[in-house]
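Subject: Structure for your review

Dear colleague,

Please find below the structure that I am handing over to you.

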Number of protein chains: 2
Amino acid sequence: MRVSELGEFGLIELVQQWTRAGADSPNSPATQPYRLSVPNGDDAAAITFLNGPVTELYTTDTMVDGIHFTAATTPWRDLGWKAIASNISDVAAMGGEPATALITLGLPPETLVADIRELYAGMIEICDEYDARIIGGDMVRSPVAFITVALTGIATGEPMVRSAAAPGHLVAVSGPVGGSAGGLRQLLANRLGETPGNSDLAKQHRRPLPHVSAGKALVSAGVGCAMDVSDGLADDLGKLCAASRVAATIFADQVPTITALSNAFPDDWLDLALYGGEDYVLLFTAPGDIMDVAIAELPAGATVIGEITDGEPGSVTILDASGRVMHRSASGWDHFAD
Amino acid sequence: MRVSELGEFGLIELVQQWTRAGADSPNSPATQPYRLSVPNGDDAAAITFLNGPVTELYTTDTMVDGIHFTAATTPWRDLGWKAIASNISDVAAMGGEPATALITLGLPPETLVADIRELYAGMIEICDEYDARIIGGDMVRSPVAFITVALTGIATGEPMVRSAAAPGHLVAVSGPVGGSAGGLRQLLANRLGETPGNSDLAKQHRRPLPHVSAGKALVSAGVGCAMDVSDGLADDLGKLCAASRVAATIFADQVPTITALSNAFPDDWLDLALYGGEDYVLLFTAPGDIMDVAIAELPAGATVIGEITDGEPGSVTILDASGRVMHRSASGWDHFAD
């Protein structure tokens with residue numbers, strides 16, 4: 001079987017099985033000065049050091065030229081920002097703060113050094129903004145440009161995980177969704193690539209702001225279940241539900257978006273909001289009383305969009321304003337699908 | 001200017017300047033519960049947690065299909081072993097033990113799932129052997145296969161660095177060199193790729209054994225300066241000398257190799273030993289008294305091959321058995337050179 005037939009998420013599931021068996025092998029655990037507090041399969045893995053109060057988070061994310069970005073829609077400086085942003089968002093989803101980054105670049109020999117300078121300028125900008133630092137990396141020749149960021153974070157509270165949703169929990173997001181996908185669509189249509197795309201939507205695509213403060217506030221409020229929205233709200237909620245062995249219902253008319261999205265895409269805004277991706281807001285669930293506290297404490301608030309239910313694990317039902325079931329118009333983007 | 005004109009090491013130097021400036025920016029340090037004890041530019045970066053005795057090491061290394069490996073000389077299972085081995089070797093060079101690994105795979109959609117199973121089997125084998133575990137990663141579509149490993153390690157002593165060599169130090173290696181390069185040459189010549197290459201040299205190429213115990217013993221013995229030999233002994237010693245602002249002289253007839261190397265390559269063995277790469281032994285320097293203690297404590301011994309001198313920083317002079325200067329027959333492999 002080929003990777004394209006199995007699909008990205010099928011392959012990830014297999015790898016998790018293989019590596020978990022490895023992690024349980026007799027050699028591995030016990031004698032170490034840390035324990036694996038969150039294993040492979042969440043936004044980040046977490047290690048808790050046994051002789052200190054620190055939980056360290058580890059995550060990594062890769063962008064490949066022509067697959068995850070193109071020079072036409074993402075200038076190098078924005079690419080640097082985004083490559084780090086997606087990793088910071090994973091750490092935020094666990095309630096942590098970013099700490100250190102290793103940067104790996106695969107570069108064709110003809111790449112301009114000036115472009116790499118821009119790339120690092122964007123990475124350093126977001127690191128300064130979020131109190132992270134680049135401490136190392138690797139640089140290799142490659143026929144296709146790619147950038148891999150491995151980021152550590154520090155959590156002082158209990159990391160939030162995807163597997164803690166329970167029937168009766170409310171479902172909320174910490175900010176509007178769909179803006180990044182709308183911005184990408186504008187950039188592709190308008191060929192804004194050569195000059196800065198300054199629309200509100202283009203900015204959301206190019207300079208996403210991971211919700212680190214929100215993640216910390218959620219942990220303080222007692223929220224235990226969260227993930228970041230990177231592959232589209234509906235798809236990511238499906239993953240959270242699968243990890244928690246529950247189902248969810250969301251109310252389409254409650255899904256928050258920015259006005260610019262519905263103005264620019266009066267017919268497609270909901271589709272972009274539900275299936276767009278790269279939003280980097282936090283998706284979380286909690287019982288009603290904790291949700292009330294959490295929303296009050298969040299720096300920019302949050303919006304309840306649905307609830308967790310019993311039902312086919314991983315299934316997400318979308319209801320319109322009159323309570324009728326809406327059918328998915330598109331499936332999430334599978335990285336290996338043809 | 002293009003990356004190919006600047007070269008890999010020129011680009012790495014620039015990136016170190018850019019990111020160090022970033023790390024010193026007002027936002028970054030101070031409030032964090034750790035300090036950067038070894039910055040970008042060594043085998044691994046090191047973070048020391050302020051409220052605990054643990055120093056954590058971070059390193060990353062990437063292999064790209066057609067650049068760093070080919071299916072003809074490296075079956076998937078060996079590729080998995082090697083991808084982790086090069087990272088463990090970086091941690092060993094600081095005197096640490098490996099802990100956790102994040103694995104990123106870039107894969108063409110037509111990749112066979114069975115091959116990825118083999119790749120992970122090799123990674124899990126070496127992780128079991130060295131007490132490390134795979135805790136996460138990322139999986140992306142890419143026109144070219146690549147594998148990036150980000151590895152953490154734990155050091156209980158002071159990490160060894162490249163910048164601590166001083167004139168008068170002796171220079172030693174913790175094992176024979178050139179075997180991996182000899183094995184690769186055999187594999188390329190004999191097309192052993194389809195069946196296991198079982199010669200002693202091929203094994204050194206396919207299943208290198210990073211010197212973790214040696215690294216720890218060196219720290220215990222008081223050695224402060226080390227790096228691993230991954231790009232060839234002469235080149236790596238040049239880097240160590242550049243980082244320490246010193247020069248070195250090595251005695252060609254003292255350089256240790258396995259007998260199979262000189263048997264298989266009676267004319268080229270010294271060239272392979274000095275410039276071959278992927279040896280993953282440790283190269284270290286120390287004053288004579290500490291060197292005596294260190295060699296006695298090393299599980300498999302070590303060989304003194306030369307000494308650190310004043311002189312042009314980074315320059316390495318190679319003397320033959322009669323004390324005459326030998327001239328370099330090849331330069332180290334620059335990843336971006338044409």
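In chain B of this predicted model, strand S7 (residues 170-173) runs antiparallel to strand S10 (residues 282-286), and four bridges join the two. Helices (H or I, at least four residues) and strands (E, at least two) are DSSP runs, numbered from the N terminus; two strands pair if DSSP finds at least two bridges between them. Within this pairing, B:Val171 has B:Thr285 of S10(B) as its bridge partner. S7(B) is also joined by four bridges to strand S11 (residues 303-309) of chain B, again in the antiparallel sense, and there B:Ala172 has B:Val304 as its bridge partner.

Two conventions apply throughout. Residues are numbered from 1 along each chain as its sequence is written, while chains are lettered from A and ligands numbered from 1 in the order in which they are written. As the model is predicted, local features need pLDDT of at least 70 and side-chain atom pairs count only at pLDDT 80 or more, whereas totals for chains, interfaces and linings use all residues.

Strand S9 (residues 247-251) of chain B pairs with S11(B) in the antiparallel sense over four bridges, and B:Thr249 stands opposite B:Glu307 of S11(B).

Two residues are in contact if their C-beta atoms, placed from the backbone, lie within 7 Å.

Chain B also holds an open sheet of six strands, in the order S1-S2-S3-S6-S4-S5, and its pairing is mixed. Strand S1 (34-38) and strand S5 (133-141) of chain B each have a single partner strand, so one side of each is left without a neighbour in the sheet. From one strand to the next, the twist averages 20°.

Strand S4 (residues 97-107) of chain B pairs with strand S6 (residues 146-155) of chain B in the antiparallel sense over eight bridges. Two positions illustrate this: B:Leu105 has B:Ile147 as its bridge partner in S6(B), and B:Ala101 stands opposite B:Leu151. With S5(B), S4(B) pairs in the parallel sense, over eight bridges; B:Thr100 has B:Arg133 as its bridge partner there. The chain passes from S4(B) through H4(B) to S5(B) in a right-handed β-α-β crossover (with the strands pointing away from the viewer, the path from the first strand over the helix to the second runs clockwise).

In S4(B), 11 of its 11 residues are buried. A residue is buried if 20 or more other C-beta atoms lie within 10 Å of its own, exposed if 12 or fewer, and partly exposed in between, with C-beta atoms placed from the backbone. The largest nonpolar core has 216 residues, and A:Ala101 and B:Ala101 have the most contacts inside it. Such a core is a set of buried Ala, Val, Leu, Ile, Met, Phe, Trp, Tyr and Cys residues joined through C-beta atoms within 7 Å.

As for the two chains together, 71 residues of chain B are in contact with 71 residues of chain A. On the side of chain B that touches chain A, S5(B) gives the largest share, nine residues.

B:His205, in helix H6 (residues 200-206) of chain B, is buried, with 24 other C-beta atoms within 10 Å. A:Ile318, in strand S12 (residues 316-319) of chain A, is buried as well, with 22 other C-beta atoms within 10 Å. The C-alpha atoms of A:Ile318 and A:Thr249 are separated by 5.8 Å, although these residues are 69 residues apart along the chain.

With kind regards

Technical notes. Axes are lines fitted to C-alpha atoms, for helices over the stretch in contact, and angles run from 0 to 180 degrees between N-to-C directions.
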